[in-house]
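I opened the notebook today to go through one structure piece by piece. Here is what I looked up, in the order I looked it up.

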Amino acid sequence: MKPTTYRIAVIGAGLMGHGIALTLARAGHTIAITDPVEDARETVAERIRSSMEAMGIGPSEITETVQRIEVVPALADAVGEAQVVFEAAPEKMALKQAIFAEIEQHAPETCILASNTSVMPITEIMSGLRRKERALGTHWWNPPHMIPLVEVIRTEATDPALAQAMVAMLQAAGKTPVMVNKDVPGFIGNRLQHALWREAVSLVENGICDAKAVDEVIKSSFGRRLAVLGPLENADLVGTDLTLDIHQTVLADLERRPGPSPFLEKLVEDGRLGMKSGEGFYQWTEEEADAVRARVARHLTRLEGILAD
């Protein structure tokens, strides 16, 4: 059976927006994309082509995909006939709320409205809407055209049938959607990721090891199996009894402060912002930072090919 195709609007043509548009256009949907920044609109088609080339996609599919994407100058033009809207604006609450107020003025009453955000409460983003039952969150992971996961976040007002329709559309587009049934900060993925990061920062802060040791331990041990063995699968694999024994010994000693690490706050205060400033937990030259980015891109591209096979 041929998958259902939709008229989709993507609001924001930056890093996330161009990847969302790319993914959905590859799946056969018709896309209208817009951005208030003229340069973003003018370059989005070429950035989509470049991203697809980097993924090893052939010229004919690239051309077909780009032909399904229309770049339009204004939000009203993008959403006027849309059946689904994905907002991919910067992570600023007031900005997202203003965008959805404008979307609701111009989009059809039956249109599904989705905000792409990594941690912000969907309920608050959608608080000004008249019809909150058609609003939900979709957390696409960066880069959205290469990372399979999309978290679909329901609020208390979200119509469950519309949330399931979003899941079905994303599955048909080759993504791995996961339903988040409660709108909590960070959803699922970032709560798990930053629990790990909190302990990683604490280990360095308390002089237990340096940053390189933290990263080497993860990359050279359990990080290697995480792609094929989730933590709760692993708990069942080793046994819940052993898991309980370990927790009884180690959990009481883990970092559990409710706020950010003072060590991390000092890094930011001192302007040590990571690769973009040349120093964070590590010292970075531009060449070293580019090499890391390239290594991640190669790894994701290889995974994309393996999954496609």
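The entries below go from strands to rings, charges, surface and backbone.

**Entry 1: what I am looking at**

I note first that this is a predicted model.

I began with strand β7, residues 149-153. How many of its residues are buried? I found four of the five buried, so I wrote the strand down as mostly covered, with under 20% relative accessible area as the cut-off for buried.

Next I looked for the partners of β7. On one side I found strand β6, residues 135-140, which pairs with β7 in the antiparallel sense over four bridges. Tryptophan 140 stands opposite valine 150 of β7 here. I also found strand β8, residues 176-180, pairing with β7 in the parallel sense over five bridges. In that pairing, isoleucine 153 has valine 180 of β8 as its bridge partner. I then followed the chain from β7 to β8: it passes through helix α7, residues 160-172, and this β-α-β crossover is right-handed.

A reminder to myself for reading strands: in a regular strand the side chains alternate between the two faces of the sheet.

**Entry 2: aromatic pairs**

I wanted to know how many aromatic pairs there are. The count comes to three. One of them joins phenylalanine 86 and tryptophan 140, edge-to-face, with 5.8 Å centre to centre and 85 degrees between the planes. Phenylalanine 86 belongs to strand β4 (residues 84-87) and tryptophan 140 to strand β6, so this pair ties together parts that are 54 residues apart in sequence.

Tyrosine 282 is partly exposed at 28% relative accessible area, and tryptophan 284 is partly exposed at 23%.

**Entry 3: salt bridges**

My next search was for charged partners. Side chains of opposite charge can pair when their charged atoms come close. I have 14 salt bridges for the structure, and I picked out a few.

Glutamate 91 and lysine 96 meet through their side chains at 3.7 Å, N to O.

Glutamate 109 and arginine 131 form a salt bridge at 3.4 Å, N to O. Glutamate 109 sits in the loop between α5 (93-106) and β5 (112-115), and arginine 131 in the loop between α6 (122-125) and β6, so the pair ties together parts that are 22 residues apart in sequence. I have both down as partly exposed, glutamate 109 at 38% relative accessibility and arginine 131 at 26%.

For arginine 257 and glutamate 255, I read 3.5 Å between the closest N and O atoms of their salt bridge. Arginine 257 is partly exposed with 25% relative accessible area, while glutamate 255 counts as buried at 16%.

**Entry 4: a nonpolar patch**

Helices α10 (231-238) and α11 (240-250) each supply at least two of its residues. Which helix gives the most? That is α11, with three residues. I looked up valine 250 as an example: it is found in helix α11 and counts as partly exposed, at 34% relative accessibility.

**Entry 5: backbone details**

The peptide bond from asparagine 142 to proline 143 is cis, with omega near -5 degrees. Proline 143 lies in the loop between β6 and β7, the pair of strands from Entry 2.

I also marked phenylalanine 187, a residue other than glycine with a positive phi, near 55 degrees. Phenylalanine 187 lies in the loop between β8 and α8 (189-205), and it is buried, with a relative accessible area of 2%.

Note on methods
Residues are numbered from 1 along each chain as its sequence is written. This is a predicted model: local features need pLDDT of at least 70, side-chain atom pairs count only at pLDDT 80 or more; totals for chains, interfaces and linings use all residues. Side-chain values use heavy atoms; hydrogens and water are left out. Buried means under 20% relative accessible area, exposed over 50%, partly exposed in between (1.4 Å probe, protein chains only). Two strands pair if DSSP finds at least two bridges between them. A crossover is right-handed if, with the strands pointing away from the viewer, the path from the first strand over the helix to the second runs clockwise. Rings of Phe, Tyr and Trp (its six-membered ring) pair if their centres lie within 6.5 Å; planes under 30 degrees apart count as stacked, over 60 as edge-to-face and the rest as tilted. A salt bridge is a side-chain nitrogen of Lys or Arg within 4 Å of a carboxyl oxygen of Asp or Glu.
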